[in-house]
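Have the viewer open as you read along.

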Amino acid sequence: MSATQGPAIRVVRDRTIRIKVIDDCGLACTFCHNEGTPVTADNKGRTLLPFVSGPGGTGRVSIYTESNGVNFLAAKMTPDLPFRRAVRTVAQAFDASEVHLTGGEPTLHTEVSSLVSALTGMGLAVGMTSNGERGRQVMPDCSAAGLNRVNVSVFGTTAEELQAVQSERFKSAGLAGTKIRAAVQTIRAAVSNGVKVSVNIVVPGMAHVDRVVNLIESHGQFADVRMLTSIQDGPESIAAISEVLTRVGAEPVLRTFTAGTSDERTLYRALGGRAVYVKRLLPVRLPDTCASCRFNNDTDCQEGYYGVRLYLTEQDEYMVGVCIQRMDLCVPVAELSKSGIVEEVRAFKDAEVRRLTGRYGTAT
């Protein structure tokens, strides 16, 4: 590729659903959206809505809780028959072939490898997003169960760097150091057990540029590094990512659009041959659901339509969501077939595949 050419472009159809398997987490990141649900431990027994966004006793936050209309707390999923039925129903409805385990922190789930096994037994590819709290302990069993990929969210190479993005309750250098070591151990355990690894870094702004450059230099030798824009910080986050790319000598190689979601990412090659991705959220909207939404403008809609999420409520009801800023749009899995959302999402994916392939080329 010559210096005057842009990166190659690939279009892939969205075939993924995200599954929030647990709400518990041992970190307290200041930018956490917690998949749209309140921090369960801080809202148990609460009778008046809205739920509190935090930080509560746990020190954690869920940045959209007080404005997104959520009316349930997320419970821990178990690899039982209702779980398999719910996943199968949603995967078939939305033509999904891959699931992605989220939280909270999935490695804190005592049955996480059994969840992976249940999902791979249904013919689904399984990925996970983790901050690495217990990855070293669970990665061998998760790998044996068929875990394909783990995206490890790493927030610093030093205790000070991690403390910079944590709430006051986690301003302990000793605790931060323990969490950093756990994340590094998770990455090593995943690599040694044949699980693909991506290191995810949220970049809030220019004050974090040095921290992110350190992470790329530390982890980029044996794992992909993915920089994510901070939903809250918008333009400042984008400017900081641009500065990081300049600092590490990155050149764009491949730009990938996931047709049917707001997800767009570009692969860069940095100094030393390191693979660095930048993930951006495009202004993608569902044609009907988003049309009259109060957030449907250039500033308030921060994630766009990102895809389908599956939740379990404390009342043991499985719910499907399509927006973490509009959790009032969630519908019970039992009512999914008559909600209209399946037809809208599938038609939207078809239209996005046609639009993007017409502009950029063949979809996969």
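## Salt bridges

In this predicted model, the count of salt bridges comes to 15. One of them joins Asp95 and Arg15, whose closest N and O atoms are 2.5 Å apart. Asp95 sits in the loop between helix H2 (81-93) and strand S3 (98-102), and Arg15 in the loop between strand S1 (8-13) and strand S2 (16-20), so the pair ties together parts that are 80 residues apart in sequence. Asp95 is partly exposed at 30% relative accessibility, and Arg15 is partly exposed at 31%.

Another salt bridge connects Lys44 with Glu314, at 2.4 Å from N to O. Lys44 belongs to the loop between H1 and H2, and Glu314 to the loop between strand S11 (308-312) and strand S12 (318-321), so this contact ties together parts 270 residues apart in sequence. Lys44 is exposed, with a relative accessible area of 53%, while Glu314 is partly exposed at 33%.

## A buried pair and its network

Are Glu35 and Arg18 buried or exposed? Glu35 counts as buried at 4% relative accessibility, and Arg18 is buried at 17%. Their side chains form a salt bridge of 2.7 Å, N to O. Shared partners join Arg18, Glu35, Glu303 and Arg309 into one network of salt bridges.

## Cavities

The structure has 2 cavities of 30 Å³ or more. The largest has a volume of about 130 Å³; of its 14 lining residues, Cys290, Cys293, Cys301, Cys323 and Arg326 are the closest to its centre. That lining comprises 8 nonpolar, 4 polar and 2 charged residues.

The second largest cavity holds about 70 Å³ of space. Helix H6 (residues 173-192) supplies the largest share of its lining, 3 residues.

Conventions. Residues numbered from 1 in each chain as written. Heavy atoms only, no water. 1 Å grid on protein atoms, 1.4 Å probe; cavity = no way out; pocket = protein on both sides within 12 Å on 5 of 7 lines; lining within 4 Å. Points joined across faces, edges and corners; volume = space filled by probe spheres on them. Nonpolar A, V, L, I, M, F, W, Y, C, P; charged D, E, K, R; others polar. Helix = DSSP H or I, 4+ residues; strand = E, 2+ residues; numbered from the N terminus. Salt bridge = Lys/Arg side-chain N within 4 Å of Asp/Glu carboxyl O. Buried < 20%, exposed > 50% of the residue type's maximum accessible area, 1.4 Å probe, protein only.
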